[in-house]
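Here is my note on the model, as numbered points. Please read it alongside the coordinates.

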Amino acid sequence: MNRVQKSGYTLWQSRLMALFLTMACVTSGWAQATFTWTGAAGTAWNNPANWVQVGPDADGIPDANDDVVFNNNKNCNLTKNEACKNLTISGYSGTFSLNTFTLEVYGNWTDNA
């Protein structure tokens, strides 16, 4: 009977560990979000109010693991170096200004403007 109890405890412990690891992945930023530019609060990339976010993200601003979509006519300006995973430009007629900064795209760059 001790083996059954120990085995059951080990199975329960394994399931609990799997749950904790899943939660850690989601809350640590490993999960990918998609951000669509609205420019609703100005032109600064690093203002969360300028983005519509779908999916989890810690700070509400696109990072190197997030997808970014530009599909409107609102201007965007970088105020520091930024990064994203995939960048999609589709029907975007605004001006995107790097200023003296860089935008690193670690995945695909799709331009359907």
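1. Start with T79. Leaving aside neighbours within four places in sequence, T79 is in contact (heavy atoms within 4.5 Å) with A44, N46 and F101. A polar contact of 3.2 Å joins the side chains of T79 and N46. For a polar contact, a pair of N or O atoms must lie within 3.5 Å; within protein, one must be able to donate a hydrogen and the other to accept it, and residues adjacent in sequence count only if both atoms are side-chain atoms.

2. T79 sits in the loop between β4 (76-77) and β5 (82-84). Strands (E, at least two residues) are DSSP runs, numbered from the N terminus. T79 has 43% relative accessibility, so it counts as partly exposed. The cut-offs: buried is under 20% relative accessible area, exposed over 50%, partly exposed in between (1.4 Å probe, protein chains only).

3. On provenance: this is a predicted model, where local features need pLDDT of at least 70 and side-chain atom pairs count only at pLDDT 80 or more, while totals for chains, interfaces and linings use all residues. Residues are numbered from 1 along each chain as its sequence is written, and side-chain values use heavy atoms, with hydrogens and water left out.

4. Now N50, in the loop between β1 and β2. Its relative accessibility is 0%, so N50 counts as buried. A polar atom of the N50 side chain lies 3.2 Å from the backbone nitrogen of G42. Beyond four places in sequence, the contacts of N50 include T36, W37 and T43.

5. Next, the aromatics. Rings of Phe, Tyr and Trp (its six-membered ring) pair if their centres lie within 6.5 Å; planes under 30 degrees apart count as stacked, over 60 as edge-to-face and the rest as tilted. The count comes to nine aromatic pairs.

6. One aromatic cluster is formed by F35, W37, W45, W51, F70, Y92 and F96.

7. Finally, the largest nonpolar core. It has 15 residues, and W45, W51, V68, F70 and L87 have the most contacts inside it. Such a core is a set of buried Ala, Val, Leu, Ile, Met, Phe, Trp, Tyr and Cys residues joined through side-chain atoms within 4.5 Å.

Key. Helix = DSSP H or I, 4+ residues; strand = E, 2+ residues; numbered from the N terminus.
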